[in-house]
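Let's walk through a structure together, one feature at a time.

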Amino acid sequence: MASWLPRSADLARFCQKLNRVKTLEDDMMETSFNRCLSTVDLTLLGIGGMIGSGLYVLTGTVAKEIAGPAVIVSFIIAGFASLLAALCYAEFGARVPKTGSAYMFTYISVGEIWAFLIGWNVLLEYMIGGAAVARAWSGYLDSIFNHKIKNFTETYVGTWHVPFLAHYPDFLASGILLIATAFISFGAKVSSWLNHVFSAISMGVILFILIMGFILAEPKNWSVKEGGFAPYGLSGIMTGTATCFYAFVGFDVIAASSEEARNPQKAVPRAIAFSLGLATGSYILVSMVLTLMVPWHTLDPDSALADAFYRRGYSWAGLLVAAGSICAMNTVLLSNLFSLPRIVYAMAEDGLFFQVFSQVHPRTQVPVIGIVVFGVLMAVLALIFDLEALVQFLSIGTLLAYTFVAASIIVLRFQQGKPAAPSHLTGNQPSPGPSEGPSTSGLKEYESFSDKLQLVDKDKAKEHREPGQLKAAFEPYLEFLSDFYPREVVTVAVITLMVSAICLCSILVFGNSHLHLPTWSYSLLLVLFSLGFLLSLFLIWVHEQQQRMQTFQIPLVPLTPALSILLNIYLMLKLHYMTWLRFSIWLIIGLLVYFGYGIWHSKENLREPKSHNRLFSGTLFTIRRASSNGSQPF
């Protein structure tokens, strides 16, 4: 009667396959890529990824429409949230110097299906991000020539009035992406040299903006007469934070490039710290200058900085700013085209994506096929699609990746390393023989109470506890936790922490505006979910972590990654519901790709015994047969 139901053992095996982790090589410095990038190269790649269209377009848009002059506070909060995530990336990039970024970090800590979905979302993030920047680059250049390019295209090519398609084909945006793709395919050194040139020009223009801007600053533009410093209140500041967060997403290009760094253990953490610090300072100071030069409510969202100089009578400065913005957007294009093929390469190398993308050119030592294919796809997106509705995908995909990387840090810290067999664990210690007694063993007589305490402390110090086990100091008070397997409590606590964070942020975001909760229930739910979050944090903290390593380690674990998780989830819930709908559709497509190809070709799957694979195939066949008969298999 219930023959279609899979056995519990089959289901357990199926879940184990979905959550299997990647096996790392003994020599993680061995690679088919060219390790040629220095700390300066990586730092400029990070700066190029973060300081682009956001500095020249996003600052004006958020200031006028969302936060007012308090856009400065929005950038400070977004920079802090990015710092928490960046610290997690820095530790992983130093410990696991392999390409793949968030995908790789999730795969070695959390599990295969989660890693695939993170990689799948990052793939879309880079494609839409690159195409959107190319269109912004095209629009900015077109505005310098009084929109002659746009008018020419509409006159001689035509316009479209189709949903999700652009009003007219943007050949300029498509062309710049194809040119950038050609340069990226020549190798990491060529890409790095180009990035150096454009970054140097961009930073020179930013320095000019700050000097001229503070000279032209008028404090009255922050006065109550002009609307005050925070005209949209706290809600506007936090909504602006969710939008500003996208400005900092470029630092993960450093982690994605760790397999091409000469000394990733030192270069990756330093490059992330330097680039994020410079980018955050630039965004805060430029926002300050912009809103002090002209009243915030008169800003032009499309070209705020250039327009501000034009209105103050410095038209030549406006042209210089426009030229700097184009150079900055070039660095973002290079950053996207540099990172995307390497993440696809990592997925293909692990067998989760099509194998053709794992090929590395023997001369240039870069994944040329991935660069060309995805460069062309970006060019097609920029040519015909309306990207405004899709841009918010960038934030949700990035925030989800940051959340999983932060959770992966907690899991990794409490994970046991490769098994070793030290003598004090194997029982090979010399034991007293039967003839040894008090008179011949040389044991000391402990007469005082303080001597006995010292002996107990020495015994505790000799006791070796593995990561994931309960700390000795808490054993008398939390003895019931000692009955669980190592890491079992930590794993459950991490899941509980994430669920509590989701519930807590949902109440904060929707409690008053959408759910219309009475004050007593709103406060009660906040207290309950806050206690759940803090209790989960405490249960993680009372367990042993891995010993201090020579590579960079994020401080205050599990507090720092837990705060990152909380902030990321809060910012995700501030996004529009249509973004979540489109995101869900993309996730479903990703699951079809994973179950149709990735799970069968995974290298971890090939490492497992054939009997396990036959068992897994039988489980999937049973589920499919149940579905075709109209039954519910679970």
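What follows is a dialogue about a predicted model.

Q: Let's start with the overall build. How many helices and strands are there in the protein?

A: Keep in mind that this is a predicted model. The count is 24 helices and 0 strands.

Q: How much of the protein counts as buried?

A: Of its 634 residues, 52% count as buried. As for the surface, the protein exposes about 29,000 Å², and carbon and sulfur atoms supply 65% of that.

Q: And what share of the contacts in the protein with a separation of 6 or more comes from residues 24 or more positions apart?

A: That share is 83%. One case to look at is Phe-595 and Ile-113, which are 482 residues apart in sequence and 9.4 Å apart in space, going from C-alpha to C-alpha.

Q: Where does Phe-595 sit, and what is it in contact with, leaving aside neighbours within four places in sequence?

A: Phe-595 belongs to helix H22, which covers residues 577-601. With those neighbours set aside, its contacts are Phe-14, Leu-18, Ile-113 and Trp-600. Phe-595 has a relative accessibility of 27%, so it counts as partly exposed.

Q: Now for charges. How do I read a salt bridge, and how many does the structure hold?

A: The general idea: side chains of opposite charge can pair when their charged atoms come close. In this structure there are 9 salt bridges. One of them joins Glu-112 and Arg-20, with the closest N and O atoms 2.9 Å apart. Glu-112 lies in helix H6 (residues 112-144) and Arg-20 in the loop between H1 and H2, so this pair ties together parts that are 92 residues apart in sequence.

Q: Are Glu-112 and Arg-20 buried or exposed?

A: Glu-112 is buried, with a relative accessible area of 0%. Arg-20 also counts as buried, at 7% relative accessibility.

Q: Which residue does the side chain of Lys-22 meet in a salt bridge?

A: Its partner is Asp-350, at 2.6 Å from N to O. This pair links distant parts of the chain, 328 residues apart: Lys-22 is in the loop between H1 and H2, while Asp-350 is in the loop between helix H14 (315-349) and helix H15 (368-384). The two side chains are also joined by a polar contact of 2.6 Å.

Q: How buried is each of those two residues?

A: Lys-22 has a relative accessible area of 14%, and the cut-off for buried is under 20%, so Lys-22 is buried. Asp-350 counts as buried too, at 4% relative accessibility.

Q: What else is Lys-22 in contact with, leaving aside its neighbours within four places in sequence?

A: Besides Asp-350, the list holds Met-104, Tyr-107, Ile-108 and Glu-604. Met-104, Tyr-107 and Ile-108 are among the buried residues of H5.

Q: Which residues are linked in a network of salt bridges?

A: Glu-91, Arg-95 and Arg-413 are linked that way.

Q: Which helix gives the most to the lining of the largest cavity?

A: That is H6, with 4 residues. H2, helix H3 (53-67), H6 and H14 each supply at least two residues of that lining.

Definitions and conventions
Residues numbered from 1 in each chain as written. Predicted model: local features only at pLDDT ≥ 70, side-chain atom pairs only at ≥ 80, totals over all residues. Heavy atoms only, no water. Polar contact = N/O pair within 3.5 Å; in protein donor to acceptor, adjacent residues only side chain to side chain. Contact = heavy atoms within 4.5 Å. Salt bridge = Lys/Arg side-chain N within 4 Å of Asp/Glu carboxyl O. Buried < 20%, exposed > 50% of the residue type's maximum accessible area, 1.4 Å probe, protein only. Areas by Shrake-Rupley, 256 points an atom, 1.4 Å probe, with all protein chains shown as cover.
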